Amino acid sequence: MLIDFVPTVAGVSLAEAPGFLKAPGGAPANVAIAVTRLGGRSAFVGKLGNDPFGHMLVEILRDNGVIDAGITFDSGARTALAFVTLRKDGEREFMFYRNPSADMLLTESELNLDLIRSATIFHFGSISLIAEPCRSAHLKAMKVAKEAGALLSYDVNLRLPLWPSPAEAREQITSIWDQADIIKVSDAELEFLTGEASVGDEMAMKLWRPGLKLLLVTIGEKGCKYYTKHFHGVVGSFAVEQVDTTGAGDAFMGSLLRKIVEDKSALHDEKKLREVLRFANACGAITTTKKGAIPSLPNESEVMQILERV
């Protein structure tokens, strides 16, 4: 979890921005809040700086009903910051302040293992794999969750500027591929991981592993592709007036996991899975209609409104 600073003016580079507004962010935290907005239960595991921003972020988690028993504070490092802008060409530009930030310093001994063992699903990204000691803590948490019977959910959430090199990113991101039950990649991440400028089924299947239960490829406003051992297909998204795409993938992921916790048979039943993915696509679409990730994550009634309109 970190603070995103977003320009007060749209469509400019970071250097051209006249000012910035602070917005709480960080994909796993967004997913945790997406779950609680939809009536589910979630907890966040991570480390923040013992500073005003760190305490502000914990309050935001608490205000949104996320269990904070997995959070620790570091007095020697600051809460991570990221400056993010959407340029005129539609590309997002990132500049990160983490040298190191508190989240990078989470250790195995600081993990709340009882909390992790209580999870039905343990969800994570790839950013926590970049540096030690957080990488070892991440691997330990995965192992404990898996041994306790949790489904492991992995959203790559590639942020290349944070990695030493593209080759290192590719190697580390795929190093835990075999352990996940559910994996989500974007179309751009699929192209990065396969080295092919294509999001066709053949390319997606290059990422398939025998232990996977569900592979998802999000394709922006077109919706998502899904792959299981026995079936695959596409579920379209919803036409909305987009304001800010930040957090759309996290809304999609949180709502998907919320529904799978309710009924795990959706992983093996194509009709049920398509219904879940339609719901998740609606959540992602709604999130793009407002500014900021956390403020725009929908509740159940908002999702039902868009589903009933179509």
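## Crossing of α1 and α8

In this predicted model, helix α1 passes helix α8 in a right-handed crossing, a term that applies when the near helix is turned clockwise from the far one by less than a right angle. The two helices, α1 spanning residues 27–37 and α8 spanning residues 248–262, pack at an angle of about 50 degrees with their axes 8 Å apart, the axes being lines fitted to C-alpha atoms over the stretch in contact, with angles running from 0 to 180 degrees between N-to-C directions.

The contact (heavy atoms within 4.5 Å) is made by A27, N30, V31, A34 and V35 of α1 together with D250, A251, M253, G254, L257 and R258 of α8. By class, this contact has 7 nonpolar, 2 polar and 2 charged residues, where Gly counts as polar.

## Second largest pocket

About 580 Å³ of space lies in the second largest pocket, a pocket being an open set of points on a 1 Å grid where a 1.4 Å probe fits, with protein on both sides within 12 Å along at least five of seven lines. Its lining (residues with an atom within 4 Å of a point) comprises 26 residues, of which V6, P7, D244, T246 and K291 lie nearest the centre.

Strands β1 (2–7), β2 (20–25) and β5 (81–86) each supply at least two lining residues, and β2 gives the most, with 4 residues. The lining divides into 12 nonpolar, 7 polar and 7 charged residues.

## Basis of the values

Residues are numbered from 1 along each chain as its sequence is written, and side-chain values use heavy atoms, with hydrogens and water left out. Because the model is predicted, local features need pLDDT of at least 70 and side-chain atom pairs count only at pLDDT 80 or more, whereas totals for chains, interfaces and linings use all residues.

Conventions. Grid points are joined across faces, edges and corners, and a volume is the space filled by probe spheres set on the points.
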